[in-house]
Amino acid sequence: MPKLGDISKRLIIGRKLASDRMGHTLLPKRLALPVFASDPLSSVTYATQEILVILTLGGLAFLHFTPWVAAVVVLLLVTVVASYRQLVRAYPTGGGDFEVANTNLGPTAGLVVASALLIDYVLTVAVSVSAGVDNLISAIPELAEYRVGIALGIVVLLAAVNLRGIKESGKAFAVPTYLFVVGIGAMIVWGLGKTAFGDDPVAESAAYDVEAEMTNLGGIALMLLVLRAFASGCTALTGVEAIANGVPAFRKPKAKNAATTLAIMGALSITMFAGITTLAVIADVRYVEYPCDLVGFDCTQPQPTVISQLAAAVFGGGSIPFYYVQGAAALILILAANTAFNGFPLLGSILAQHRYAPRQLHTRGDRLVFSNGIIMLAVMAGVLIVVFDASVTRLIQLYIVGVFTAFTFGQTGMVRHWNRLLAAGPTSVERRSILRSRVINATGASLTGVVLVVVLVTKFTHGAWLVVAMMPVLFLLMRGIRQHYDTTATELEVEDWPAESLLPSRVHAVVLVSRLHKPTVRAIAYARAARPDIIEAITVEVDADATAALLDEWDRHDIPVPLRVLDSPYREIARPVVEYVRAIRRASPRDIVTVYVPEYVVGRWWERLLHNQSVFWLKGRLLFTPGVMVTSVPWQLRSAVGAGQPKNARQAPGDVRRGEIRRGGGSS
């Protein structure tokens with residue numbers, strides 16, 4: 001009968017898939033787009049908003065910089081998308097920026113990129129889910145007090161869906177993604193159409209004044225404010241790298257399909273970002289970091305998002321199209337985290353292959369996804385959401401540092417890749433293609449490098465320092481993992497087969513005894529069945545009366561194995577046993593000592609607290625003793641046996657009835 005836990009697992013993630021079903025999980029372009037591009041598509045909902053937040057710090061007069069800042073963001077997005085199309089063609093095996101940097105710039109650069117991307121994926125989940133909850137609260141303000149709980153519930157739901165498989169998550173999230181694109185597209189067309197006919201949409205915040213936090217800005221201060229707004233607007237580029245990391249998940253031809261999906265994603269993102277920014281300028285939207293800075297606004301209420309204000313201005317607040325756009329925006333922001341739920345496990349798997357991460361991250365689960373990576377990402381994102389109260393304003397300051405670090409290293413690595421191909425002497429046709437690709441990647445590297453500096457300068461004191469501090473920690477951790485794996489491999493390498501395979505001179509069996517009961521009798525039977533050269537039982541005396549009673553019972557049952565009593569004046573259990581075993585090894589270094597440890601197998605969680613505690617400590621100590629083998633001899637209590645097991649169950653192999661122990665073989 002299947003256990004309740006197994007039934008629940010199957011209900012959540014579905015039936016197991018065999019390894020030969022790997023092709024079942026490959027994605028066509030229509031599913032790959034929502035799986036890998038939901039993050040960059042969704043970021044258009046808050047990229048314009050983040051530009052406005054920064055510019056309004058100087059007052060309403062500075063909002064006239066909005067179109068110019070947005071235009072530079074669009075130029076950067078075009079360049080980055082074109083650069084990544086070159087990357088996926090050159091490195092179709094996946095790994096994206098990490099693979100490029102590791103191959104062309106060296107392992108150190110690869111680890112810098114990996115640490116940046118891993119942190120950014122965690123932030124992607126936290127920011128996207130928090131932004132989605134913000135849009136949900138804009139439509140239903142009563143949910144504001146449940147912000148953190150709703151966000152955590154969404155993270156758990158996303159993790160569960162992704163554990164069902166990459167193709168299944170794509171199917172689940174495809175419809176909301178396309179509904180969002182249709183909704184935003186309709187809002188832009190309708191809003192611009194109204195403007196063309198002289199009926200300009202007007203945002204509800206247009207009537208409010210803004211209390212500037214920075215006054216008398218000029219010169220360098222003004223430039224820094226505009227640069228900071230640009231850095232915040234660059235959140236529109238987050239997630240672009242996910243397609244390059246996930247090329248192996250595409251159907252064949254993988255590189256071509258990935259490049260096409262990148263182009264579609266870029267076109268949609270640019271169109272929606274430019275349209276939303278244009279409408280925000282036309283509708284005179286005001287959005288501030290602190291709601292009380294909006295003069296005339298009731299700052300006890302949640303501040304409506306830019307998307308919410310635009311939908312209300314274009315379609316009318318409370319209308320069906322308004323709620324459609326709000327619902328679609330909330331859904332796509334939540335689903336944007338799905339990009340990270342695919343990118344993080346894939347990158348973790350590649351790092352594990354390179355021995356920079358625990359091998360468990362390369363293990364596929366029941367549904368052929370990297371389950372451990374999905375669970376790890378969900379836990380870390382949940383922690384961030386709790387620590388930062390699911391606040392987009394606070395979390396966004398940590399964002400995009402990792403993205404542009406990866407962009408810069410990846411594009412620089414691509415330039416070196418093309419230089420190496422040029423040095424190999426290509427044909428004239430190939431040379432023209434390589435030169436064109438190098439120009440694209442060199443432009444991308446230059447622009448993203450400048451943006452990285454701008455982001456670091458303008459966001460460092462606003463929270464980005466935390467990411468800058470965490471990246472070296474993660475870098476050192478991954479390098480330490482690689483060093484451990486390399487050291488272990490060298491230590492375990494077989495250098496001389498005959499020497500490594502020499503048999504021990506003797507096997508010395510030691511059975512641990514606390515009292516004479518069925519588990520002890522079974523352990524003795526198993527030890528004798530192995531036919532060691534020497535066999536003995538040992539007990540530790542912590543109570544003289546109990547030890548005397550044990551010796552009497554041992555003699556009365558005529559156990560054919562000598563029982564040695566170890567003295568323990570301080571009532572310790574582990575130390576006397578470990579010292580005795582080590583003494584055997586010192587006396588005969590070529591002997592192998594096998595310690596048989598009887599232990600209970602229980603079926604209820606609370607029973608584990610009542611049994612085997614001393615055994616766990618003792619086994620842990622013995623495992624660090626060279627030349628010692630530890631063999632657990634289990635005894636299943638009735639609680640560990642299936643519910644249908646009858647009380648008069650047949651004797652298991654190795655069970656010994658009273659009086660039968662004397663009939664077994666083995667040496668004494």
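This is a predicted model: local features need pLDDT of at least 70, side-chain atom pairs count only at pLDDT 80 or more; totals for chains, interfaces and linings use all residues.

Q: What makes Arg286 and Asp284 a salt bridge?
A: Their side chains meet at 3.0 Å, N to O. The rule asks for a Lys or Arg side-chain nitrogen within 4 Å of a carboxyl oxygen of Asp or Glu. The pair meets the rule, so the term applies. By this rule the count comes to seven salt bridges.

Q: Why is Asp284 not given the label buried?
A: Asp284 has a relative accessible area of 32%. Asp284 falls in between, so the label is partly exposed.

Q: How do you know that Arg506 and Asp591 form a salt bridge?
A: The N to O distance is 2.9 Å. The limit is 4 Å, so the pair qualifies.

Q: What makes this a link between distant parts of the chain?
A: Arg506 and Asp591 are 85 residues apart. Arg506 is in the loop between helix H19 and strand E3. Asp591 is in the loop between helix H22 and strand E6.

Q: Which labels do Arg506 and Asp591 get for accessibility, and why?
A: Arg506 is at 33%, between the cut-offs of 20% and 50%, so Arg506 counts as partly exposed. Asp591 is at 2%, under 20%, so Asp591 is buried.

Q: What makes Glu599 and Lys619 a salt bridge?
A: Their closest N and O atoms are 3.0 Å apart. That is within 4 Å, so the pair counts. The bridge links strand E6, which holds Glu599, to helix H24, which holds Lys619. The two residues are 20 apart in the chain.

Q: Why does Glu599 count as buried?
A: Glu599 has 12% relative accessibility. The cut-off is under 20%, so Glu599 is buried.

Q: What makes Arg355, Arg482 and Asp486 one network?
A: Salt bridges that share partners join these three residues.

Q: Where is Gly59, and why is Gly59 called buried?
A: Gly59 lies in the loop between helix H3 and helix H4. The relative accessible area of Gly59 is 7%, under the 20% cut-off, so Gly59 is buried. Gly59 and Val288 are 229 residues apart in sequence, yet 9.9 Å apart in space, C-alpha to C-alpha.

Q: What makes the largest nonpolar core, and which residues have the most contacts inside it?
A: A core is a set of buried nonpolar residues joined through side-chain atoms within 4.5 Å. The largest such set has 151 residues. Those with the most contacts inside it are Phe36, Val129, Phe341 and Phe404. Helix H6 gives the most to this core, with 18 residues.

Q: Which residues is Val129 in contact with, beyond four places in sequence?
A: Among them are Ala151, Ile154, Leu333 and Ile385.

Q: Which residues make the nonpolar surface patch?
A: Ile220, Met223, Leu224, Val453 and Val457 make a patch of about 480 Å². Helices H9 and H17 each give two or more residues. The largest share, three residues, comes from H9.

Q: Why is Val457 called exposed?
A: Val457, in helix H17, has a relative accessible area of 53%. Exposed means over 50%, so the label holds.

Key: Residues are numbered from 1 along each chain as its sequence is written. Side-chain values use heavy atoms; hydrogens and water are left out. Buried means under 20% relative accessible area, exposed over 50%, partly exposed in between (1.4 Å probe, protein chains only). Helices (H or I, at least four residues) and strands (E, at least two) are DSSP runs, numbered from the N terminus. Contact means heavy atoms within 4.5 Å. Patches are made of residues with over 30% relative accessible area and no salt bridge: like charges are joined within 9 Å, nonpolar side chains (Val, Leu, Ile, Met, Phe, Trp, Tyr) within 5 Å. Accessible areas come from the Shrake-Rupley method with a 1.4 Å probe; for residues, only the protein chains shown count as cover.
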